[in-house]
Amino acid sequence: MNERIYLSPPHMGGDELKFVQEAFQSNWISPAGPHLDLFEKELADYNNTPHCAALSSGTAAIHLALIMLGVKQHDEVICSSFTFAGSCNPIVYQGATPVYVDSEDSTWNMDPQALRSAIEDRIRKGKKPKAIIVVHLYGMPAQMEEIVAIARHYDIKIIEDAAEGLGSLYKGKKLGSFGDIGIYSFNGNKIITTSGGGALVSENAEWVKQAKFLSTQARDQAPHYQHSQIGYNYRLSNISAGIGRGQLKVLDQRVARRRAIYDYYKKILGGLPGVSFQPELPGSVSNRWLTCMLLPATSKLTPETVRLALEKENIESRPLWKPMHLQPVFNGTPYYGSKASEDLFARGLCLPSGSSLTDAQLEKITTLVGKML
Ligand SMILES: *Cc1c(COP(=O)(O)O)cnc(C)c1O
């Protein structure tokens with residue numbers, strides 16, 4: 001059997017093990033430690049976001065962001081419908097209700113018009129949303145200028161879910177730096193990984209300080225263990241941060257390789273009738289975390305047929321994210337938009353996009369897919 005080609009496997013740069021060994025030699029296995037502080041500083045510098053808290057996951061980062069924005073039971077929080085469940089589950093952890101907003105065709109991300117309608121309708125119904133979670137899906141920047149303007153107009157805070165968008169640019173600035181709070185994920189399948197982890201960034205030093213406090217069980221200043229608030233065990237370990245420091249060094253190379261992989265798929269498959277890819281608007285530079293192909297609207301060929309054919313060759317591919325408003329667990333949840341994400345979900349397939357993919361593997365996948373179209 002051919003060696004399996006994964007969708008987006010971890011890809012170490014070389015210095016990760018050295019940093020982990022340093023942690024072992026100094027016995028900074030836990031708690032915290034120098035790699036953790038340096039990882040936060042290096043990540044903040046990379047993104048030009050002044051303050052940063054390294055956490056155990058991207059989901060944990062969104063959870064803490066919601067807590068700091070005061071989201072409580074019976075509140076409503078707007079979230080992109082076209083996303084991974086990690087974006088919105090923390091809304092429910094807080095006892096609040098998600099309000100889903102659909103995508104626009106031009107970025108596949110939150111449609112600013114639908115966002116405005118959602119906010120106005122919720123206000124009319126007597127419930128102003130407490131926060132907006134906007135996702136940069138597959139690394140593609142959402143239209144932040146419009147979205148930030150709408151949020152400011154209604155005085156609603158933004159949590160920017162850049163879990164998939166680390167290294168992408170919008171109007172020359174890194175994703176994660178546009179919201180009141182930005183979050184990243186270093187899960188194993190993301191563009192860089194700490195084996196599992198996340199981060200929260202903000203210009204607001206107080207929030208980041210609070211995130212670190214809450215992520216370490218909310219211990220008050222006292223020699224004994226005293227608590228005036230409910231805390232969480234959400235801090236990243238010094239070992240994981242060491243891996244992260246090694247990965248940050250190669251992040252720009254990873255972005256370049258993923259973009260080259262996208263360019264190749266586009267060059268070979270993009271010319272076939274009806275085939276298209278996630279569009280990139282002028283002013284946006286996606287990290288192309290995953291290359292996602294749309295099959296012709298008129299074709300009888302389904303993404304599942306292509307996926308199964310690739311699977312036969314031991315190649316992993318995956319349908320696009322199933323929109324949250326279609327998920328059984330969110331049945332009956334408020335939803336606004338034009339169902340653009342439903343069409344994307346029906347026609348789309350994520351192709352292997354890992355930065356360690358070889359040219360020969362890429363050619364093989366492209367030939368297999370091309371023959372089916
Ligand atoms: C991966 C991901 C998350 C969650 O990150 P974890 O580190 O896996 O908890 C949140 N949002 C999006 C869009 C993601 O892709």
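This dialogue walks through selected features of a predicted model, one at a time.

Reader: What should I know before I start?

Author: The model is predicted, so to speak of local features a pLDDT of at least 70 is needed, side-chain atom pairs count only at pLDDT 80 or more, and totals for chains, interfaces and linings use all residues. Residues are numbered from 1 along each chain as its sequence is written, and side-chain values use heavy atoms, with hydrogens and water left out.

Reader: How do I read a polar contact?

Author: Look for a pair of N or O atoms within 3.5 Å. Within protein, one must be able to donate a hydrogen and the other to accept it, and residues adjacent in sequence count only if both atoms are side-chain atoms. Start with threonine 59: an N or O atom of its side chain is 2.5 Å from an oxygen atom of the ligand. For aspartate 161, a side-chain N or O atom lies 2.7 Å from a nitrogen atom of the ligand. Glutamate 164 has a side-chain N or O atom 2.5 Å from a ligand oxygen.

Reader: How much of the ligand does the protein bury?

Author: Accessible areas come from the Shrake-Rupley method with a 1.4 Å probe; for residues, only the protein chains shown count as cover. Taken alone, the ligand exposes 380 Å², and the protein buries 94% of that.

Reader: How is a pair of aromatic rings described?

Author: By the distance of the centres and the angle of the planes. Rings of Phe, Tyr and Trp (its six-membered ring) pair if their centres lie within 6.5 Å; planes under 30 degrees apart are stacked, over 60 edge-to-face, and the rest tilted. The whole structure has nine aromatic pairs. Take tryptophan 108 and tyrosine 138: their ring centres are 6.4 Å apart and their planes stand at 85°, so the pair is edge-to-face.

Reader: Where do tryptophan 108 and tyrosine 138 sit in the chain?

Author: Helices (H or I, at least four residues) and strands (E, at least two) are DSSP runs, numbered from the N terminus. Tryptophan 108 is in the loop between β3 (97-101) and α5 (112-124). Tyrosine 138 is in the loop between β4 (131-135) and α6 (144-154). The two are 30 residues apart, and the pair links distant parts of the chain.

Reader: Are these two residues buried or exposed?

Author: Buried means under 20% relative accessible area, exposed over 50%, and partly exposed in between (1.4 Å probe, protein chains only). Tryptophan 108 is buried at 2%. Tyrosine 138 is buried at 1%. Ring pairs also link Phe84, Trp108, Tyr138, Trp289 and Trp321 into a cluster.

Reader: Which residue lies over the face of phenylalanine 178?

Author: A charge sits over a ring if NZ of Lys or CZ of Arg is within 6 Å of the ring centre and within 35 degrees of the ring normal. Lysine 173 lies over phenylalanine 178, at 4.7 Å from the ring centre. Lysine 174 lies over the face of tyrosine 46, at 4.0 Å from the ring centre.

Reader: What does the side chain of serine 202 reach?

Author: Serine 202 is in strand β9 (residues 198-202). With 4% relative accessibility, serine 202 is buried. Its side chain reaches the backbone oxygen of aspartate 180 at 2.9 Å. A polar atom of the serine 202 side chain also lies 2.9 Å from the backbone nitrogen of asparagine 204.
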